[in-house]
Amino acid sequence: MAPEGAEKGLLLAGAFAGGIAVAAAGWALWPQAPTERSATELMEALMWGREPVGGPFALIDHNGQPRTDADYRGKLLLIYFGFTFCSDVCPTELQAMASAIDQLGPAGDAIQPLFITVDPEKDTPEQLKGYVTLFHPRLIGLTGDPRVIKKVALAYKAYYAKSDPTRNAGTEVDHSSFIFLVGPDGKYLGFAPPGTSPGRLAEIISHALAHKAIE
């Protein structure tokens, strides 16, 4: 029998095997920058539930206020790791999150979307504040010390690394693009792969909300 953590880590994964395969193919082709763990290693740990995913965090929100994971108890979290200078992937995924929440109507009030920057040197609270308001009024941007950000990202098996500054003027970061779901009790539930449509994401969220209501 699989450990409880592995079961929860795979709770939603079976719903989008095709998307995972596409993500895996793209991720494997990314240039590997020196980091604590490779993109492939992190993705395998996430996909197969080989390690615990998620955990506590202490960051700073886009209003400059300290925030911890405990502040969001009672809400189903949608967590996305990205950065404000991201040219296309981040806006697409954040818009999908926002649209999915709106599609749920009143049920969407139980959702708290979070955007955790992987470029804290540039993404100050002020920068995040102007960015998150473009997508959803309840979207909260989180930043912090780079070492703290790295710890949180690794806990979620989220990969990121600065790309070649001579290629893109230092404004780009290679990063994974999963949307993580965390239950109202703070426990990791699963993930949606890159490219999940708003409609499909709304279905996944509804399933997660129903599951937590039954428990």
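Start with a charge and a ring. Lys150 sits over the face of Tyr160, 3.9 Å from the ring centre. That label needs NZ of Lys or CZ of Arg within 6 Å of the ring centre and within 35 degrees of the ring normal.

Some ground rules. This is a predicted model: local features need pLDDT of at least 70, side-chain atom pairs count only at pLDDT 80 or more, and totals for chains, interfaces and linings use all residues. Residues are numbered from 1 along each chain as its sequence is written, and side-chain values use heavy atoms, leaving out hydrogens and water.

Now ring pairs. How many aromatic pairs does the structure hold? Eight. Rings of Phe, Tyr and Trp (its six-membered ring) pair if their centres lie within 6.5 Å; planes under 30 degrees apart are stacked, over 60 edge-to-face, the rest tilted. Take Phe115 and Tyr131: their centres are 5.5 Å apart and their planes at 40°, so this pair is tilted. Phe115 is in strand E4 (residues 111-117) and Tyr131 in helix H5 (residues 125-132), so the pair ties together parts 16 residues apart in sequence. Helices (H or I, at least four residues) and strands (E, at least two) are DSSP runs, numbered from the N terminus.

Ring pairs also link Phe81, Tyr156, Phe178, Phe180 and Phe191 into a cluster. Phe81 touches, among others, Ile116, Val152 and His175, not counting residues up to four places away in sequence. Contact means heavy atoms within 4.5 Å.
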